[in-house]
Amino acid sequence: LWVTELTSCPRRRQYRILGGFEELPDHYLQVLGKSGHSYIQKMLQGEQPELDFSAFPEAADELRLELEPSLANFKAWLESTKIDLSDAQCEVLLEMPLEAGYILRGRIDLLTPTHIVDFKFGKKQNKREYRVQLAAYLRLVEAAGLGSRTPINVFLGGLRPVEFNPFENPRTSLQGALKLLDDLIHEQMRYTQRILEGGSAPCKIGIECAFCRYRHICRGV
């Protein structure tokens, strides 16, 4: 179970598990996010970053124009953050065994001795899926014996970069996010078992349908 799939549509997971279905290419916004994260990763690793729009070459100019302000914000964040980045690691893949043979997997954008950092290319939002991701990353880090960290989102889509810890708000506590995480894990386990037994997972109709690789075959029922 991938952390980023926990809040996504179970039907998409069904198509992926069963296989044999043609997948559509990434949506414009998905190409934007992947290109931006790749640029950030290379920059953090001390490499010469280049934007790669080969997955959507016809929109390369538009993608570049849209990404440039966020990447400028990222560079400003590097210069202004008080987080010690000297021993930071980027794109850290961690795994944690779950019951019934399942494994929870997550790839952390940036892991420092004190913080778990998840970069977002939009403006500051306290969204449920963002809180679930941070809670899952915190649990993965602790399960790996790496100690405790402060989980934060860094939003790059506004006028300036914003570091934000949603769990500092009593209405969106870490305890609440961890409980939701457990509920979502068990829900995905139930849906997966249903799929493997020949059944069908429910379809969550929403804005993400526009980005789904299986939108051409899904009827939403």
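**A chat about helix packing, rings and buried residues**

Visitor: How do helix 2 and helix 3 pack, and at what angle?

Guide: Helix 2 (residues 28-44) and helix 3 (residues 60-80) pack at an angle of about 35°, and their axes are 10 Å apart. Axes here are lines fitted to C-alpha atoms, for helices over the stretch in contact, and angles run from 0 to 180 degrees between N-to-C directions. Helices (H or I, at least four residues) and strands (E, at least two) are DSSP runs, numbered from the N terminus. Please keep in mind that this is a predicted model, in which local features need pLDDT of at least 70 and side-chain atom pairs count only at pLDDT 80 or more, while totals for chains, interfaces and linings use all residues. Residues are numbered from 1 along each chain as its sequence is written, and side-chain values use heavy atoms, with hydrogens and water left out.

Visitor: Is that crossing left-handed or right-handed?

Guide: The crossing of helix 2 and helix 3 is right-handed. A crossing is called left-handed if the near helix is turned anticlockwise from the far one by less than a right angle, and right-handed if clockwise.

Visitor: Which residues meet there?

Guide: From helix 2, the residues include Tyr28, Val31, Leu32, Tyr39 and Ile40, and from helix 3 they include Leu63, Leu67, Leu71, Phe74 and Leu78. Contact means heavy atoms within 4.5 Å. The residues of this contact between helix 2 and helix 3 divide into 12 nonpolar, 2 polar and 3 charged. In that division Ala, Val, Leu, Ile, Met, Phe, Trp, Tyr, Cys and Pro count as nonpolar, Asp, Glu, Lys and Arg as charged, and the others, Gly among them, as polar.

Visitor: Switching to rings, how many aromatic pairs are there?

Guide: The count comes to 7 aromatic pairs, where rings of Phe, Tyr and Trp (its six-membered ring) pair if their centres lie within 6.5 Å, and planes under 30 degrees apart count as stacked, over 60 as edge-to-face and the rest as tilted. The pair of Phe74 and Trp77 is stacked, because the ring centres are 6.1 Å apart and the planes are at 25°. Phe74 and Trp77 are 3 residues apart in helix 3, so about one helical turn separates them.

Visitor: Are Phe74 and Trp77 buried or exposed?

Guide: Both Phe74 and Trp77 are buried, a word that means under 20% relative accessible area, with exposed over 50% and partly exposed in between (1.4 Å probe, protein chains only). Another pair, Tyr130 and Phe155, is tilted, with 6.0 Å centre to centre and 45° between the planes. That pair links distant parts of the chain, since Tyr130 is in helix 4 (residues 128-143) and Phe155 is in strand 4 (residues 150-155), 25 residues apart. Both Tyr130 and Phe155 are buried as well.

Visitor: And which residues do ring pairs link into a cluster?

Guide: Ring pairs link Tyr15, Phe21 and Tyr214 into a cluster.

Visitor: What about Lys120, where is it found?

Guide: Lys120 is found in strand 3 (residues 115-120), and it counts as buried because its relative accessibility is 12%. Its side chain is joined to that of Gln133 by a polar contact of 3.1 Å. A polar contact is a pair of N or O atoms within 3.5 Å; within protein, one must be able to donate a hydrogen and the other to accept it, and residues adjacent in sequence count only if both atoms are side-chain atoms. Leaving aside neighbours within four places in sequence, the residues in contact with Lys120 include Tyr130 and Phe155.

Visitor: Where does His115 lie, then?

Guide: His115 lies in strand 3 and counts as buried, at 17% relative accessibility. The side chains of His115 and Thr114 are joined by a polar contact of 2.7 Å. The C-alpha atoms of His115 and Ile152 are separated by 7.2 Å, although these residues are 37 residues apart along the chain.

Visitor: Last one: what is the phi of Ala100?

Guide: Ala100 has a positive phi of about 60° although it is not a glycine. Most residues other than glycine have a negative phi. Ala100 lies in the loop between strand 1 and strand 2 (103-111), and it counts as exposed, at 70% relative accessibility. Glu91 also has a positive phi, near 50°; Glu91 lies in strand 1 (residues 89-97) and counts as partly exposed, at 22% relative accessibility.
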